[in-house]
Amino acid sequence: MGFTCPNRLPALPALLFLGLFMFTVYVYSPSNQSNGSPAQQCPQPADAQPKFNLMEETYGNEWDKQSADKYLSPSYCTIEYANTFKLQQDHPCVIQLIRENYIGQPAPKNVPYQMDHPETIDPSDGQSKEILKILKNLTNGFFIECGGFDGEFLSNTLYMERSLDWTGLLVEADKKAYGQLTSRNRKAYTSPACLSTKPYPMEVVYNGTVGAYGAIIEEKIPQSHSLKGESNQIAPAKDTEHIYKMQCFPLYSLLLAIGRTQVDYFGLDVEGSEYKILETIPWHKVNIKTITAEWNHVPGGEAGLTRLMESNKYTKTGLISNYYTREVVYVRNSFLVYQ
Ligand SMILES: *[C@@H]1O[C@H](CO)[C@@H](O)[C@H](O)[C@H]1NC(C)=O
Ligand SMILES: *[C@@H]1O[C@H](CO)[C@@H](O)[C@H](O)[C@H]1NC(C)=O
């Protein structure tokens with residue numbers, strides 16, 4: 001692989017050098033300020049990550065007054081680089097990588113859908129009814145659905161899109177399901193990725209053995225992080241048809257890549273990573289009115305999830321319990337106030 005820093009030093013020596021440099025700065029600086037500046041050549045592979053891992057937390061509020069080139073050089077902006085250095089959720093390199101490789105455009109409005117059961121008006125298992133009750137049959141809304149699965153089976157958002165002119169973003173990590181999803185001509189962006197469980201891009205091992213129940217089984221440790229000399233204890237298994245490495249991005253990164261931070265409905269059903277995914281979201285940067293989240297595979301269950309969302313200024317307004325579904329509904333407090 002051998003990704004390099006912009007100065008083309010091999011990554012490891014550069015890191016050691018940077019470490020020494022930072023240490024020296026720390027020891028000799030009278031004020032002990034060693035804040036990263038945009039001029040710094042390599043970001044730190046920080047152990048202590050700032051809360052949301054945003055550019056402003058590392059580079060200050062004025063970071064975007066600089067030209068993007070300052071943070072973006074074609075020689076180093078690769079996915080390996082983004083993963084290894086745990087680049088910020090809103091790092092221009094991360095957004096560029098997503099736009100170039102991980103976003104499918106919505107089908108044009110006049111292209112017909114290709115559904116297995118076109119007669120089924122609303123295939124969702126209760127979610128769309130519940131959300132549209134709260135949103136009073138809103139038209140032209142915007143959704144995020146993860147996983148989007150094949151774009152039809154149990155789709156929470158097909159009714160909104162087809163009958164109420166919504167558009168949105170369908171995120172699906174399962175390779176086979178994503179292939180089907182893109183053949184449906186959904187009028188929404190699609191992304192063949194998973195949502196990060198940490199506030200940076202990361203590679204995971206994904207278990208797609210049982211179609212709709214695909215889940216992340218292991219958070220892969222990038223090899224260049226084995227600086228302590230220990231080999232990866234969980235040797236990443238070779239990719240097989242059902243078990244394979246998958247690239248994840250924070251939800252906020254995907255939203256920036258499609259230029260949309262106002263969201264009417266976010267459906268999150270990823271078989272266990274829901275809590276961690278919700279923890280990565282910088283809630284002060286996005287406006288997500290309603291959420292349904294599966295709770296029955298989450299450690300801490302519905303109570304834990306609800307505590308997290310209450311701390312993010314959401315209110316639990318109900319539960320959806322159907323054959324396929326154990327989900328909890330949250331509505332943003334400010335939306336409840338102003339609706
Ligand atoms: C929303 O649409 C459904 C189905 O067409 C209808 O039964 C319901 O009364 C509508 N709700 C509102 C608030 O308009
Ligand atoms: C993948 O999922 C299937 C079905 O849930 C399970 O039987 C299998 O043990 C899992 N494989 C791994 C490597 O976790």
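Reader: Which residues does Val-263 touch, not counting residues up to four places away in sequence?

Author: In this predicted model, Val-263 touches Phe-142, Ile-144, Val-286, Asn-287, Ile-288 and Lys-289, where contact requires C-beta atoms, placed from the backbone, within 7 Å. Local features need pLDDT of at least 70, side-chain atom pairs count only at pLDDT 80 or more, and totals for chains, interfaces and linings use all residues. Residues are numbered from 1 along each chain as its sequence is written, while chains are lettered from A and ligands numbered from 1 in the order in which they are written.

Reader: Why does Val-263 count as buried?

Author: Val-263 has 21 C-beta neighbours inside 10 Å. A residue is buried if 20 or more other C-beta atoms, placed from the backbone, lie within 10 Å of its own, exposed if 12 or fewer, and partly exposed in between; therefore Val-263 is buried.

Reader: What makes α4 roughly perpendicular to α8?

Author: Helix α4 (residues 92-101) and helix α8 (residues 251-258), both DSSP runs of H or I with at least four residues, pack at an angle of about 70 degrees, with axes 9 Å apart. Because angles of 65 to 115 degrees count as roughly perpendicular (under 35 roughly parallel, over 145 roughly antiparallel, the rest oblique), α4 is roughly perpendicular to α8.

Reader: Which residues make the contact of α4 and α8?

Author: Val-94, Ile-95, Ile-98 and Arg-99 of α4 meet Ser-253, Leu-254, Leu-256 and Ala-257 of α8.

Reader: Which residues of helix α5 are buried?

Author: Gln-127, Ser-128, Glu-130, Ile-131 and Leu-132 are the buried residues of α5.

Methods
Helices (H or I, at least four residues) and strands (E, at least two) are DSSP runs, numbered from the N terminus. Two residues are in contact if their C-beta atoms, placed from the backbone, lie within 7 Å. Axes are lines fitted to C-alpha atoms, for helices over the stretch in contact, and angles run from 0 to 180 degrees between N-to-C directions.
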